Amino acid sequence: MTEKRPEIGQAIKREVRQRCGFGCIFCGIPVYHYDHISEYSTVKQHSAENITLLCGYHHDLKTRGQIPTEVVRIKNQEPVNKPQGETAPHTLFYYGNSARIVAGGNEILTSDRSVSALKIDGHSLVDFELVEGQLMLNMDFRDKAGEAVLTVRKNELVHSTHLWDYEFVSKTLTIRERRGNIYISITFSPDKQSVILAKGLVSHNGIDVLFDARGLCILNNRTMLSGNSVRGIDTAISVGVSGPNSPPSAVHIDVSRGPYDQQEAISWARKQMSRAKINSNATTPRIDHSMIAPGTKLTWMSIAFMPYPWALDTCRRPR
Ligand SMILES: [Zn+2]
């Protein structure tokens with residue numbers, strides 16, 4: 001009778017990820033298997049010391065006896081990502097002329113043109129860029145000190161290793177600053193040319209953006225956007241300062257930079273989001289004015305300056 005092998009516990013997996021620098025100990029890519037250095041059939045238990053991270057290629061070599069166990073043991077002591085402070089690049093195979101970004105329940109669609117889903121002070125956090133007829137993903141998420149956390153440049157993903165935890169499960173990368181705190185959780189689906197930012201709290205230049213499956217909230221001035229669908233525009237959501245020559249955006253939100261009570265703003269946002277319906281297929285932009293703090297300047301692209309007639313369907317001034 002064969003014994004059922006239990007799952008490796010979450011705490012053990014996290015300890016292994018942290019020790020291995022969140023990537024394959026040989027090549028550093030952040031997509032990996034949990035490998036028992038001495039086979040499970042021999043040791044019959046899961047212990048963090050005996051488990052390491054190997055990518056598919058290096059895992060296969062070890063299984064075939066092409067990498068001696070002793071070499072894995074040595075490499076396990078000095079994983080390649082540790083001194084680098086970041087992972088090796090992992091290629092996301094986005095390919096095609098149309099793409100979809102879902103940012104906090106707001107859908108941004110594009111065909112044959114570059115689009116940024118979210119810009120803060122003119123800096124794009126997530127966009128698809130048209131390169132020789134193909135839309136490729138770019139991302140630039142940083143911590144409060146301005147240090148890179150997650151970077152995607154033309155489909156090449158690299159993440160830092162200085163935060164508490166980075167976990168890639170299937171298509172979803174979840175980055176946590178500490179226990180119980182998600183910095184960002186992103187699902188990459190190159191097979192559907194889509195990327196979904198469903199959870200997290202990120203900052204740029206003092207502007208804090210909360211993502212949830214039901215909405216995206218600019219915490220500083222409590223502005224929530226949910227259920228919008230935008231197509232055919234250079235920038236979907238622009239927050240903060242945008243230069244005089246910046247391309248048109250579906251919505252621009254001006255934010256004052258003074259101190260504010262973030263915890264209170266988060267509770268407010270969670271309450272609003274619990275009332276919002278998840279509707280990723282919405283076709284009409286929606287900003288619930290009861291969700292916007294008084295004094296917030298919110299500019300829908302003026303129709304007079306709207307250069308794209310097809311945007312008329314998806315952008316309208318709020319009442
Ligand atoms: Zn590897």
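Trainee: What phi does Glu-132 take in the hairpin of β7 and β8?

Mentor: In this predicted model, Glu-132 takes a positive phi near 50°, and the hairpin has 2 residues between its strands. Most residues other than glycine have a negative phi.

Trainee: Why are strand β7 and strand β8 said to pair?

Mentor: The term requires at least two bridges between two strands. Strand β7 (residues 123-131) and strand β8 (residues 134-142) have 6 bridges, so the term applies, and the sense is antiparallel. Within this pairing, Leu-130 stands opposite Leu-135 in β8.

Trainee: How do you know that β8 and β9 pair as well?

Mentor: The same test is used: at least two bridges are needed. There are 4 between β8 and β9, therefore they pair, again in the antiparallel sense. Asp-140 stands opposite Thr-151 in β9. The hairpin of β8 and β9 has 5 residues between the strands, and Gly-146 in its turn has a positive phi of about 85°.

Trainee: Why is Lys-154 called partly exposed?

Mentor: Between the cut-offs of 12 or fewer for exposed and 20 or more for buried, a residue counts as partly exposed. Lys-154 has 13 other C-beta atoms within 10 Å, and therefore falls in between. Lys-154 lies in the loop between β9 (148-153) and β10 (156-159). Its phi is also positive, near 45°.

Trainee: How do you know where the buried residues of α1 lie around the axis?

Mentor: The buried residues of helix α1 (residues 10-20) are Val-16, Arg-17 and Cys-20. They cover an arc of only 100° around the axis, so they are on the same side of α1. An α-helix has 3.6 residues a turn, so residues three or four places apart point the same way. The buried residues of α1 pack against β1 (33-36), β2 and β11 (165-169). Just after α1, Gly-21 takes a positive phi of about 70°.

Trainee: Which residues have the most contacts inside the largest nonpolar core?

Mentor: They are Ile-101, Ala-103, Ala-117, Leu-197 and Ala-236, in a core of 67 residues. This core draws at least three residues from each of domain 1 (10-84) and domain 2 (90-313).

Trainee: With which residues is Ala-117 in contact, leaving aside its neighbours within four places in sequence?

Mentor: Contact requires C-beta atoms within 7 Å. Ala-117 is in contact with Ile-101, Ala-103, Ile-108, Val-126, Asp-127, Ala-236 and Ile-237, leaving those neighbours aside.

Note on methods
Residues are numbered from 1 along each chain as its sequence is written. This is a predicted model: local features need pLDDT of at least 70, side-chain atom pairs count only at pLDDT 80 or more; totals for chains, interfaces and linings use all residues. A nonpolar core is a set of buried Ala, Val, Leu, Ile, Met, Phe, Trp, Tyr and Cys residues joined through C-beta atoms within 7 Å. Domain bounds come from an automatic or database domain assignment. Two residues are in contact if their C-beta atoms, placed from the backbone, lie within 7 Å. The arc is that of the directions from the helix axis to the C-beta atoms.
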